[in-house]
Amino acid sequence: MRKEDKTLIIENLAKQISQTPNFYIADISGLNAEKTAKLRRECYSKNITLMVVKNTLLRKALEKTEHTEATQLFPILEGPTSVLFTNTANLPAKLIKEFGKQYGKPVLKGAYLQECAYIGAQHLDALVNIKSREELIGDIVAMLQTPARNIISALTSGGAKLAGIAETLGERN
């Protein structure tokens, strides 16, 4: 491969990492063409970008980004490497788990999510359970709505009681 081609690949990878800061590193070697095509279709349907990359080029692209925690992933950049880029943090973990149960691959090597590095397949279950940004916002909104609902419910169901209490307080004065 020519040096110009390598430079272009490194720049494209660095740009992808900057635009999509959540990514998983996996080993998909051993999948035949049919299973690899199926994995790619699954990735496409879930808005996950799957790229097979050379380890040295990925390392150089990671060095060019501002993600200092990503350097912890350097030791796992050995052997066949595929990168799954996503905006939703837990989607690739779910895909890796489901597809891995059925076909034995891909195997999680590591991940970089929400500015944290995870190394090793033992983190797959934890990564599956990480909530996406949208899920966290939904949880916060639900928590904020609960007290307001309780107050409104108390006011509407106990309207007669509140009127009686207000009348009693008014009579005392």
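**View 1. Aspartate 125 and lysine 97 form a salt bridge.** A salt bridge here is a side-chain nitrogen of Lys or Arg within 4 Å of a carboxyl oxygen of Asp or Glu. Aspartate 125 belongs to helix H5 and lysine 97 to helix H4, so the contact ties together parts that are 28 residues apart in sequence. Helices (DSSP runs of H or I, at least four residues) and strands (DSSP runs of E, at least two) are numbered from the N terminus. Aspartate 125 counts as partly exposed because its relative accessibility is 44%, and lysine 97 counts as partly exposed at 28%.

The model is predicted: local features need pLDDT of at least 70, side-chain atom pairs count only at pLDDT 80 or more, and totals for chains, interfaces and linings use all residues. Residues are numbered from 1 along each chain as its sequence is written, and side-chain values use heavy atoms, with hydrogens and water left out.

View 2. Proline 106 is in the loop between H4 and E4.

**View 3. Arginine 2 and glutamate 4 form a salt bridge.** The closest N and O atoms are 3.3 Å apart. Arginine 2 and glutamate 4 are exposed. How many salt bridges does a search of the whole structure find? The search finds three.

**View 4. Five strands form an open antiparallel sheet.** The strand order is E2-E3-E1-E4-E5. Two strands count as paired if DSSP finds at least two bridges between them. The edge strands are E2 (49-53) and E5 (116-119), each of which pairs on one side only. On average, neighbouring strands of this sheet are turned by 20° against each other, direction ignored. For such angles, axes are lines fitted to C-alpha atoms, for helices over the stretch in contact, and values run from 0 to 180 degrees between N-to-C directions.

**View 5. Strand E4 pairs with E1 and with E5.** Strand E1 (residues 22-27) and strand E4 (residues 107-113) are antiparallel and share five bridges. Tyrosine 24 stands opposite alanine 111 in E4, and the bridge partner of phenylalanine 23 is tyrosine 112. Four bridges join E4 to E5, again in the antiparallel sense. In E5, alanine 117 is the bridge partner of tyrosine 112. The hairpin of E4 and E5 has two residues between the strands, and in this hairpin glutamine 114 takes a positive phi near 45°. Is E4 mostly covered or mostly open? E4 is mostly covered, with six of its seven residues buried.

**View 6. The largest nonpolar core has 21 residues.** A nonpolar core is a set of buried Ala, Val, Leu, Ile, Met, Phe, Trp, Tyr and Cys residues joined through side-chain atoms within 4.5 Å. Tyr24, Leu39, Cys43, Leu84, Leu113 and Leu127 touch the most other members. The elements that give two or more residues are E1, helix H2 (33-45), helix H4 (91-103), E4 and helix H5 (124-128). H4 gives the most, with four residues. In soluble globular proteins, nonpolar side chains tend to be buried together.

**View 7. Ile140, Met143 and Leu144 make a nonpolar surface patch.** The patch covers about 350 Å². Patch members have over 30% relative accessible area and no salt bridge; like charges are joined within 9 Å, and nonpolar side chains (Val, Leu, Ile, Met, Phe, Trp, Tyr) within 5 Å. Accessible areas come from the Shrake-Rupley method with a 1.4 Å probe, and for residues only the protein chains shown count as cover. Leucine 144 is in helix H6 (residues 133-157). Leucine 144 counts as exposed because its relative accessibility is 63%.

**View 8. Asparagine 47 has a positive phi.** The angle is about 60°, although asparagine 47 is not a glycine. Asparagine 47 lies in the loop between H2 and E2. With a relative accessible area of 65%, asparagine 47 is exposed.

Technical notes:
Buried means under 20% relative accessible area, exposed over 50%, partly exposed in between (1.4 Å probe, protein chains only).
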